[in-house]
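User: Hi! Could you walk me through this model with a few questions and answers?

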Amino acid sequence: MKMTTITYKPLKPSLINKALKAAGGTAMLIIALLFTNPAAAQDRTLTLEEALKLGIDNSKVLKLSQSRIDQAVSQYEQAKDRSLPTGSASFGYNRAQIPANKLNFGEESLRLPTSANAYLGTLSLNQVIFAGNKLKYARESTTLLTEVARLDAVNDKDQIAYSIINAYYNLYKVLQSKKVVQQNLATIDAQIKQSQRFFEQGLVTKNDVLRFQLQRSNIELNGIDLENNRRIINYNMNILLGLPEGTELNIAQITEADRAAMPLASYLDSAMTNRPEFKQADLRTQVADINIKSIKANTTPTLSASGSAYYVGVSANPLPKSGNYITPISVGLTLGWDFGSLWTNKNKVNEAKLQREEVVINRGITMDNVKNEVNQSYQNYKMALDKIALLQTSINQALENNRILESKYRSNISSATDRADAQTLLYQAEINLELAKADAGLAYYTLLKSTGKLNK
(Lines give C-alpha, C1' and ligand atoms only; values in the text may rest on other atoms or scores of the structure.)
Protein backbone atom coordinates (compact mmCIF):
# COMPACT_ATOMS: atom_id res chain seq x y z
CA MET A 1 0.00 0.00 0.00
CA LYS A 2 1.39 3.38 -0.93
CA MET A 3 1.76 6.15 1.60
CA THR A 4 -1.13 8.58 1.28
CA THR A 5 -1.71 11.92 2.95
CA ILE A 6 -5.20 13.42 3.14
CA THR A 7 -5.21 17.19 3.57
CA TYR A 8 -8.32 19.14 4.49
CA LYS A 9 -8.87 22.73 3.33
CA PRO A 10 -9.84 25.29 5.97
CA LEU A 11 -13.57 26.04 6.17
CA LYS A 12 -14.58 29.36 4.65
CA PRO A 13 -15.75 32.00 7.17
CA SER A 14 -19.13 32.33 5.42
CA LEU A 15 -19.81 28.63 5.83
CA ILE A 16 -18.73 28.77 9.46
CA ASN A 17 -21.22 31.57 10.16
CA LYS A 18 -24.04 29.64 8.49
CA ALA A 19 -23.17 26.54 10.52
CA LEU A 20 -23.13 28.61 13.72
CA LYS A 21 -26.56 30.07 13.05
CA ALA A 22 -28.06 26.74 12.03
CA ALA A 23 -26.59 24.38 14.63
CA GLY A 24 -25.19 26.48 17.43
CA GLY A 25 -21.69 26.87 18.87
CA THR A 26 -21.14 23.19 19.68
CA ALA A 27 -21.76 22.05 16.13
CA MET A 28 -19.54 24.88 14.90
CA LEU A 29 -16.67 23.68 17.10
CA ILE A 30 -16.96 20.09 15.86
CA ILE A 31 -17.05 21.21 12.22
CA ALA A 32 -14.03 23.48 12.68
CA LEU A 33 -12.00 20.70 14.28
CA LEU A 34 -12.85 18.30 11.48
CA PHE A 35 -12.10 20.59 8.58
CA THR A 36 -9.03 22.39 9.91
CA ASN A 37 -7.07 19.24 10.74
CA PRO A 38 -3.90 19.71 8.67
CA ALA A 39 -3.29 16.09 7.76
CA ALA A 40 -4.55 12.63 8.51
CA ALA A 41 -2.37 9.74 9.62
CA GLN A 42 -0.48 7.84 6.93
CA ASP A 43 -0.89 4.10 6.42
CA ARG A 44 1.92 1.86 5.24
CA THR A 45 2.18 -1.89 4.85
CA LEU A 46 5.74 -3.18 5.25
CA THR A 47 7.44 -6.43 4.41
CA LEU A 48 10.28 -7.48 6.68
CA GLU A 49 12.82 -6.77 3.93
CA GLU A 50 11.50 -3.21 3.53
CA ALA A 51 11.61 -2.64 7.29
CA LEU A 52 15.21 -3.86 7.47
CA LYS A 53 16.32 -1.63 4.61
CA LEU A 54 14.64 1.44 6.12
CA GLY A 55 16.03 0.77 9.59
CA ILE A 56 19.59 0.13 8.45
CA ASP A 57 19.61 3.13 6.09
CA ASN A 58 18.36 5.46 8.85
CA SER A 59 20.26 4.03 11.81
CA LYS A 60 22.18 6.62 13.79
CA VAL A 61 24.10 3.82 15.50
CA LEU A 62 25.49 2.63 12.17
CA LYS A 63 26.44 6.18 11.25
CA LEU A 64 28.36 6.34 14.53
CA SER A 65 30.04 3.02 13.67
CA GLN A 66 31.15 4.46 10.33
CA SER A 67 32.59 7.45 12.17
CA ARG A 68 34.66 5.06 14.32
CA ILE A 69 35.93 3.32 11.19
CA ASP A 70 36.93 6.69 9.75
CA GLN A 71 38.82 7.46 12.97
CA ALA A 72 40.67 4.14 12.76
CA VAL A 73 41.62 4.87 9.14
CA SER A 74 42.85 8.31 10.22
CA GLN A 75 45.03 6.72 12.90
CA TYR A 76 46.49 4.40 10.26
CA GLU A 77 47.34 7.39 8.06
CA GLN A 78 48.97 9.06 11.05
CA ALA A 79 51.07 5.93 11.61
CA LYS A 80 52.27 6.14 8.00
CA ASP A 81 53.06 9.84 8.45
CA ARG A 82 55.45 9.01 11.30
CA SER A 83 57.80 7.38 8.77
CA LEU A 84 58.17 10.66 6.86
CA PRO A 85 61.08 13.07 7.49
CA THR A 86 60.64 15.79 10.10
CA GLY A 87 61.68 19.34 9.31
CA SER A 88 61.83 22.70 11.01
CA ALA A 89 62.83 26.27 10.17
CA SER A 90 63.39 29.35 12.32
CA PHE A 91 64.70 32.91 11.99
CA GLY A 92 65.54 35.18 14.91
CA TYR A 93 66.96 38.61 15.66
CA ASN A 94 69.15 39.53 18.66
CA ARG A 95 70.53 42.91 19.74
CA ALA A 96 73.23 43.20 22.35
CA GLN A 97 74.05 46.39 24.36
CA ILE A 98 77.60 46.47 25.82
CA PRO A 99 77.97 49.30 28.37
CA ALA A 100 81.39 48.10 29.58
CA ASN A 101 83.04 47.45 26.28
CA LYS A 102 86.81 47.76 27.00
CA LEU A 103 89.13 44.91 27.97
CA ASN A 104 92.74 45.59 29.06
CA PHE A 105 95.52 43.04 28.44
CA GLY A 106 98.52 44.73 30.03
CA GLU A 107 99.74 47.27 27.57
CA GLU A 108 97.23 46.12 25.01
CA SER A 109 93.46 46.66 25.15
CA LEU A 110 90.40 45.52 23.25
CA ARG A 111 87.47 47.78 22.71
CA LEU A 112 84.12 46.32 21.67
CA PRO A 113 81.26 48.23 20.11
CA THR A 114 78.63 49.58 22.48
CA SER A 115 75.94 47.53 20.67
CA ALA A 116 75.66 44.70 18.13
CA ASN A 117 72.95 43.09 15.98
CA ALA A 118 72.75 39.45 14.97
CA TYR A 119 70.37 37.44 12.81
CA LEU A 120 70.21 33.65 13.08
CA GLY A 121 68.25 31.40 10.71
CA THR A 122 68.13 27.60 10.77
CA LEU A 123 66.70 24.93 8.49
CA SER A 124 66.89 21.25 9.42
CA LEU A 125 65.63 17.88 8.16
CA ASN A 126 65.72 14.57 10.07
CA GLN A 127 64.90 11.08 8.84
CA VAL A 128 64.86 7.91 10.95
CA ILE A 129 66.47 5.15 8.91
CA PHE A 130 66.14 2.28 11.37
CA ALA A 131 64.49 2.08 14.79
CA GLY A 132 63.99 -1.63 15.28
CA ASN A 133 61.05 -1.70 12.80
CA LYS A 134 58.86 0.17 15.31
CA LEU A 135 57.31 2.31 12.58
CA LYS A 136 56.48 -0.82 10.58
CA TYR A 137 54.87 -2.41 13.63
CA ALA A 138 52.82 0.74 14.25
CA ARG A 139 51.42 0.61 10.72
CA GLU A 140 50.59 -3.09 10.99
CA SER A 141 48.91 -2.59 14.35
CA THR A 142 46.71 0.28 13.19
CA THR A 143 45.77 -1.71 10.06
CA LEU A 144 44.51 -4.56 12.25
CA LEU A 145 42.66 -2.17 14.56
CA THR A 146 40.92 -0.68 11.52
CA GLU A 147 39.65 -4.15 10.66
CA VAL A 148 38.44 -4.55 14.26
CA ALA A 149 36.48 -1.31 13.91
CA ARG A 150 34.90 -2.58 10.69
CA LEU A 151 33.84 -5.77 12.46
CA ASP A 152 32.34 -3.64 15.24
CA ALA A 153 30.19 -2.05 12.55
CA VAL A 154 29.14 -5.51 11.32
CA ASN A 155 28.15 -6.45 14.85
CA ASP A 156 26.23 -3.18 15.27
CA LYS A 157 24.42 -3.84 12.01
CA ASP A 158 23.36 -7.28 13.27
CA GLN A 159 22.05 -5.73 16.48
CA ILE A 160 20.08 -3.08 14.58
CA ALA A 161 18.64 -5.68 12.20
CA TYR A 162 17.59 -7.87 15.11
CA SER A 163 15.93 -4.94 16.89
CA ILE A 164 13.93 -4.22 13.74
CA ILE A 165 12.94 -7.87 13.36
CA ASN A 166 11.93 -8.05 17.02
CA ALA A 167 9.75 -4.93 16.73
CA TYR A 168 8.30 -6.20 13.42
CA TYR A 169 7.18 -9.50 14.94
CA ASN A 170 5.88 -7.86 18.10
CA LEU A 171 3.69 -5.58 15.99
CA TYR A 172 2.57 -8.57 13.94
CA LYS A 173 1.59 -10.44 17.12
CA VAL A 174 -0.46 -7.50 18.35
CA LEU A 175 -2.19 -7.00 15.00
CA GLN A 176 -3.04 -10.70 14.71
CA SER A 177 -4.40 -10.73 18.24
CA LYS A 178 -6.55 -7.71 17.41
CA LYS A 179 -7.98 -9.59 14.41
CA VAL A 180 -8.92 -12.51 16.64
CA VAL A 181 -10.53 -10.08 19.08
CA GLN A 182 -12.63 -8.58 16.29
CA GLN A 183 -13.68 -12.03 15.08
CA ASN A 184 -14.68 -13.07 18.58
CA LEU A 185 -16.58 -9.84 19.19
CA ALA A 186 -18.62 -10.51 16.05
CA THR A 187 -19.30 -14.07 17.22
CA ILE A 188 -20.27 -13.06 20.74
CA ASP A 189 -22.58 -10.33 19.41
CA ALA A 190 -24.44 -12.95 17.43
CA GLN A 191 -24.67 -15.12 20.53
CA ILE A 192 -25.97 -12.22 22.61
CA LYS A 193 -28.74 -11.56 20.09
CA GLN A 194 -29.64 -15.23 20.01
CA SER A 195 -29.63 -15.55 23.81
CA GLN A 196 -31.84 -12.48 24.10
CA ARG A 197 -34.37 -14.08 21.73
CA PHE A 198 -34.24 -17.29 23.77
CA PHE A 199 -34.73 -15.23 26.95
CA GLU A 200 -37.79 -13.55 25.47
CA GLN A 201 -39.10 -16.99 24.58
CA GLY A 202 -38.40 -18.23 28.10
CA LEU A 203 -35.82 -20.80 26.98
CA VAL A 204 -32.89 -19.33 28.94
CA THR A 205 -32.50 -17.22 32.05
CA LYS A 206 -31.37 -13.61 32.31
CA ASN A 207 -28.14 -14.88 33.84
CA ASP A 208 -27.31 -16.68 30.57
CA VAL A 209 -27.65 -13.41 28.66
CA LEU A 210 -25.51 -11.55 31.22
CA ARG A 211 -22.83 -14.21 30.99
CA PHE A 212 -22.42 -13.57 27.24
CA GLN A 213 -22.38 -9.81 27.85
CA LEU A 214 -19.70 -10.22 30.52
CA GLN A 215 -17.66 -12.30 28.12
CA ARG A 216 -17.92 -9.52 25.54
CA SER A 217 -16.71 -6.94 28.07
CA ASN A 218 -13.67 -9.08 28.87
CA ILE A 219 -12.83 -9.38 25.18
CA GLU A 220 -13.17 -5.61 24.78
CA LEU A 221 -10.80 -5.06 27.72
CA ASN A 222 -8.26 -7.32 26.04
CA GLY A 223 -8.74 -5.29 22.85
CA ILE A 224 -8.00 -2.04 24.72
CA ASP A 225 -4.73 -3.47 26.05
CA LEU A 226 -3.75 -4.69 22.59
CA GLU A 227 -4.47 -1.29 21.03
CA ASN A 228 -2.33 0.44 23.65
CA ASN A 229 0.53 -1.96 22.95
CA ARG A 230 0.08 -1.47 19.20
CA ARG A 231 0.41 2.31 19.53
CA ILE A 232 3.59 2.02 21.59
CA ILE A 233 5.22 -0.51 19.24
CA ASN A 234 4.06 1.43 16.17
CA TYR A 235 5.59 4.68 17.47
CA ASN A 236 8.87 2.97 18.39
CA MET A 237 9.08 1.37 14.94
CA ASN A 238 8.49 4.71 13.23
CA ILE A 239 11.43 6.15 15.16
CA LEU A 240 13.56 3.08 14.42
CA LEU A 241 12.78 3.14 10.69
CA GLY A 242 12.97 6.91 10.25
CA LEU A 243 9.29 7.23 9.27
CA PRO A 244 6.93 10.09 10.22
CA GLU A 245 5.71 9.57 13.77
CA GLY A 246 2.06 9.50 12.69
CA THR A 247 2.49 6.61 10.21
CA GLU A 248 0.15 3.70 10.94
CA LEU A 249 2.08 0.52 10.15
CA ASN A 250 0.61 -2.72 8.87
CA ILE A 251 2.58 -5.94 8.62
CA ALA A 252 2.60 -8.15 5.54
CA GLN A 253 1.85 -11.82 6.14
CA ILE A 254 4.83 -13.75 7.46
CA THR A 255 5.55 -17.36 6.57
CA GLU A 256 8.88 -18.15 8.24
CA ALA A 257 7.30 -20.39 10.87
CA ASP A 258 7.46 -23.50 8.67
CA ARG A 259 11.26 -23.53 8.21
CA ALA A 260 12.70 -26.89 9.25
CA ALA A 261 15.54 -26.90 11.77
CA MET A 262 18.90 -28.36 10.71
CA PRO A 263 21.12 -30.33 13.14
CA LEU A 264 22.62 -28.29 15.98
CA ALA A 265 26.17 -29.02 14.81
CA SER A 266 25.61 -27.15 11.54
CA TYR A 267 24.53 -24.00 13.42
CA LEU A 268 27.54 -24.26 15.75
CA ASP A 269 29.92 -24.59 12.79
CA SER A 270 28.29 -21.59 11.13
CA ALA A 271 28.72 -19.51 14.29
CA MET A 272 32.42 -20.42 14.54
CA THR A 273 32.87 -19.27 10.94
CA ASN A 274 30.69 -16.17 10.77
CA ARG A 275 30.50 -14.55 14.20
CA PRO A 276 32.50 -11.28 14.07
CA GLU A 277 33.63 -11.74 17.68
CA PHE A 278 35.96 -14.58 16.68
CA LYS A 279 37.45 -12.60 13.82
CA GLN A 280 37.98 -9.67 16.18
CA ALA A 281 39.65 -11.93 18.76
CA ASP A 282 42.04 -13.25 16.09
CA LEU A 283 42.87 -9.70 15.00
CA ARG A 284 43.47 -8.59 18.61
CA THR A 285 45.79 -11.57 19.07
CA GLN A 286 47.80 -10.37 16.08
CA VAL A 287 47.84 -6.84 17.51
CA ALA A 288 49.17 -8.26 20.80
CA ASP A 289 51.92 -10.14 18.93
CA ILE A 290 52.94 -6.96 17.13
CA ASN A 291 52.94 -5.05 20.41
CA ILE A 292 55.39 -7.58 21.87
CA LYS A 293 57.70 -7.13 18.87
CA SER A 294 57.47 -3.34 19.14
CA ILE A 295 58.42 -3.39 22.83
CA LYS A 296 61.34 -5.74 22.15
CA ALA A 297 62.51 -3.27 19.49
CA ASN A 298 63.27 -0.80 22.30
CA THR A 299 66.54 -2.70 22.91
CA THR A 300 67.85 -2.25 19.35
CA PRO A 301 70.09 0.64 18.16
CA THR A 302 68.58 3.43 16.10
CA LEU A 303 70.03 5.07 13.02
CA SER A 304 68.93 8.43 11.70
CA ALA A 305 70.13 10.98 9.15
CA SER A 306 69.99 14.74 9.51
CA GLY A 307 70.84 17.84 7.55
CA SER A 308 70.99 21.44 8.76
CA ALA A 309 71.70 24.85 7.22
CA TYR A 310 72.32 28.08 9.16
CA TYR A 311 72.33 31.75 8.32
CA VAL A 312 74.22 33.95 10.78
CA GLY A 313 74.16 37.68 9.97
CA VAL A 314 75.92 40.28 12.11
CA SER A 315 74.94 43.45 10.32
CA ALA A 316 71.96 45.65 11.11
CA ASN A 317 70.49 44.72 7.73
CA PRO A 318 68.88 41.22 7.77
CA LEU A 319 69.27 40.92 4.00
CA PRO A 320 72.39 38.99 2.95
CA LYS A 321 75.40 41.18 2.27
CA SER A 322 78.80 39.85 1.33
CA GLY A 323 81.19 39.70 4.24
CA ASN A 324 78.51 40.24 6.92
CA TYR A 325 77.10 36.73 7.27
CA ILE A 326 78.06 33.06 7.23
CA THR A 327 76.03 30.01 6.11
CA PRO A 328 77.33 26.77 7.63
CA ILE A 329 75.69 23.60 6.27
CA SER A 330 75.96 20.21 7.97
CA VAL A 331 74.84 16.67 7.19
CA GLY A 332 75.32 13.61 9.32
CA LEU A 333 74.30 10.17 10.53
CA THR A 334 73.51 9.41 14.13
CA LEU A 335 73.71 5.91 15.60
CA GLY A 336 72.26 5.60 19.05
CA TRP A 337 71.71 2.76 21.49
CA ASP A 338 69.92 2.96 24.79
CA PHE A 339 71.57 -0.19 26.14
CA GLY A 340 69.94 0.37 29.52
CA SER A 341 66.78 -1.03 27.96
CA LEU A 342 68.46 -4.46 27.98
CA TRP A 343 67.57 -4.76 31.67
CA THR A 344 64.71 -2.23 31.99
CA ASN A 345 62.61 -3.57 29.09
CA LYS A 346 62.10 -7.16 30.32
CA ASN A 347 59.04 -6.44 32.47
CA LYS A 348 57.42 -4.44 29.70
CA VAL A 349 57.74 -7.46 27.42
CA ASN A 350 56.29 -9.71 30.14
CA GLU A 351 53.34 -7.35 30.52
CA ALA A 352 52.70 -7.44 26.77
CA LYS A 353 52.80 -11.25 26.82
CA LEU A 354 50.26 -11.29 29.66
CA GLN A 355 48.02 -8.99 27.64
CA ARG A 356 48.22 -11.41 24.74
CA GLU A 357 47.32 -14.30 27.03
CA GLU A 358 44.30 -12.32 28.23
CA VAL A 359 43.13 -11.92 24.63
CA VAL A 360 43.43 -15.68 24.09
CA ILE A 361 41.48 -16.43 27.28
CA ASN A 362 38.76 -13.96 26.31
CA ARG A 363 38.43 -15.72 22.97
CA GLY A 364 37.82 -18.98 24.78
CA ILE A 365 35.18 -17.33 26.99
CA THR A 366 33.53 -15.86 23.90
CA MET A 367 33.47 -19.29 22.27
CA ASP A 368 31.73 -20.84 25.28
CA ASN A 369 29.17 -18.01 25.39
CA VAL A 370 28.45 -18.29 21.66
CA LYS A 371 27.97 -22.06 21.91
CA ASN A 372 25.50 -21.56 24.76
CA GLU A 373 23.71 -18.83 22.81
CA VAL A 374 23.42 -20.96 19.67
CA ASN A 375 22.17 -23.98 21.62
CA GLN A 376 19.58 -21.92 23.50
CA SER A 377 18.35 -20.29 20.28
CA TYR A 378 18.22 -23.68 18.56
CA GLN A 379 16.20 -25.29 21.37
CA ASN A 380 13.83 -22.31 21.50
CA TYR A 381 13.20 -22.56 17.75
CA LYS A 382 12.51 -26.30 17.93
CA MET A 383 10.16 -25.72 20.85
CA ALA A 384 8.34 -22.99 18.88
CA LEU A 385 7.83 -25.37 15.96
CA ASP A 386 6.55 -28.07 18.29
CA LYS A 387 4.12 -25.60 19.83
CA ILE A 388 2.69 -24.72 16.42
CA ALA A 389 2.03 -28.38 15.62
CA LEU A 390 0.40 -28.93 19.00
CA LEU A 391 -1.66 -25.75 18.85
CA GLN A 392 -2.92 -26.60 15.38
CA THR A 393 -4.26 -29.83 16.83
CA SER A 394 -5.85 -27.92 19.72
CA ILE A 395 -7.48 -25.53 17.22
CA ASN A 396 -9.10 -28.43 15.43
CA GLN A 397 -10.29 -29.85 18.74
CA ALA A 398 -11.62 -26.47 19.90
CA LEU A 399 -13.44 -25.95 16.60
CA GLU A 400 -15.15 -29.33 16.85
CA ASN A 401 -16.02 -28.77 20.51
CA ASN A 402 -17.44 -25.34 19.71
CA ARG A 403 -19.50 -26.75 16.81
CA ILE A 404 -20.98 -29.50 18.97
CA LEU A 405 -21.86 -27.21 21.86
CA GLU A 406 -23.32 -24.59 19.51
CA SER A 407 -25.61 -27.25 18.07
CA LYS A 408 -26.56 -28.48 21.54
CA TYR A 409 -27.18 -24.94 22.74
CA ARG A 410 -29.48 -24.18 19.82
CA SER A 411 -31.34 -27.36 20.63
CA ASN A 412 -31.47 -26.30 24.29
CA ILE A 413 -29.50 -29.39 25.33
CA SER A 414 -26.44 -27.59 26.78
CA SER A 415 -26.31 -24.55 29.03
CA ALA A 416 -25.17 -21.07 28.13
CA THR A 417 -22.21 -21.60 30.45
CA ASP A 418 -20.97 -24.57 28.43
CA ARG A 419 -21.51 -22.60 25.23
CA ALA A 420 -19.50 -19.62 26.53
CA ASP A 421 -16.70 -21.86 27.78
CA ALA A 422 -16.42 -23.52 24.36
CA GLN A 423 -16.11 -20.14 22.68
CA THR A 424 -13.51 -19.03 25.19
CA LEU A 425 -11.41 -22.13 24.53
CA LEU A 426 -11.59 -21.56 20.78
CA TYR A 427 -10.76 -17.87 21.21
CA GLN A 428 -7.73 -18.67 23.37
CA ALA A 429 -6.53 -21.40 20.98
CA GLU A 430 -6.71 -19.02 18.02
CA ILE A 431 -4.71 -16.37 19.87
CA ASN A 432 -2.13 -18.90 21.03
CA LEU A 433 -1.64 -20.23 17.50
CA GLU A 434 -1.06 -16.76 16.01
CA LEU A 435 1.36 -15.85 18.79
CA ALA A 436 3.19 -19.17 18.39
CA LYS A 437 3.66 -18.55 14.66
CA ALA A 438 5.13 -15.12 15.37
CA ASP A 439 7.31 -16.53 18.15
CA ALA A 440 8.60 -19.20 15.79
CA GLY A 441 9.47 -16.59 13.17
CA LEU A 442 11.30 -14.46 15.73
CA ALA A 443 13.04 -17.55 17.15
CA TYR A 444 14.28 -18.40 13.66
CA TYR A 445 15.87 -14.97 13.23
CA THR A 446 17.28 -15.19 16.76
CA LEU A 447 18.94 -18.45 15.71
CA LEU A 448 20.31 -16.78 12.57
CA LYS A 449 21.72 -13.93 14.65
CA SER A 450 23.44 -16.38 17.00
CA THR A 451 25.21 -17.95 13.99
CA GLY A 452 26.35 -14.60 12.59
CA LYS A 453 24.29 -14.96 9.39
CA LEU A 454 21.48 -12.50 10.09
CA ASN A 455 22.63 -10.03 7.41
CA LYS A 456 24.11 -12.62 5.03
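Predicted model: local features only at pLDDT ≥ 70, side-chain atom pairs only at ≥ 80, totals over all residues.

User: Is E406 buried, partly exposed or exposed, and what is its relative accessible area?

Analyst: Residues are numbered from 1 along each chain as its sequence is written, and side-chain values use heavy atoms, with hydrogens and water left out. Buried means under 20% relative accessible area, exposed over 50%, and partly exposed in between (1.4 Å probe, protein chains only). E406 therefore counts as partly exposed, with a relative accessible area of 23%.

User: Which residue forms a salt bridge with E406?

Analyst: A salt bridge here is a side-chain nitrogen of Lys or Arg within 4 Å of a carboxyl oxygen of Asp or Glu. The closest N and O atoms of this pair are 3.0 Å apart. The partner of E406 is R410.

User: What is the N to O distance in the salt bridge of E220 and R216?

Analyst: Both residues belong to helix α5 (residues 206-241), and because they are 4 residues apart, about one helical turn lies between them. E220 is partly exposed at 36% relative accessibility. Their side chains meet with an N to O distance of 2.3 Å.

User: Are R230 and E227 buried or exposed?

Analyst: Their side chains form a salt bridge (2.9 Å, N to O), and they are 3 residues apart in helix α5, so about one helical turn separates them. Both also belong to a network of salt bridges that links K178, E227, R230, R231 and E248. With relative accessibility of 10% for R230 and 19% for E227, each counts as buried.

User: How many salt bridges does the count come to?

Analyst: The pairs above, including E406 with R410 and E220 with R216, are examples. By the salt-bridge rule, the count comes to 16.

User: Which elements give two or more residues to the lining of the largest pocket, and which gives the largest share?

Analyst: A pocket is an open set of points on a 1 Å grid over the protein atoms alone, where a 1.4 Å probe fits, with protein on both sides within 12 Å along at least five of seven lines; lining residues have an atom within 4 Å of a point. The largest pocket is lined by 14 residues, of which S141, V287, A288, I290 and N291 lie nearest its centre. The elements giving two or more residues to this lining are α4 (134-200), α7 (276-296) and α9 (346-410). The largest share, 6 residues, comes from α7.

User: How far apart in space are I395 and L433?

Analyst: I395 is found in helix α9 and is buried at 8% relative accessibility. In sequence, I395 and L433 are 38 residues apart. From C-alpha to C-alpha, the distance between I395 and L433 is 7.9 Å.

User: And how far apart in space are F212 and K193?

Analyst: F212 lies in helix α5 and is buried, with a relative accessible area of 0%. F212 and K193 are 19 residues apart in sequence, and their C-alpha to C-alpha distance is 9.8 Å.
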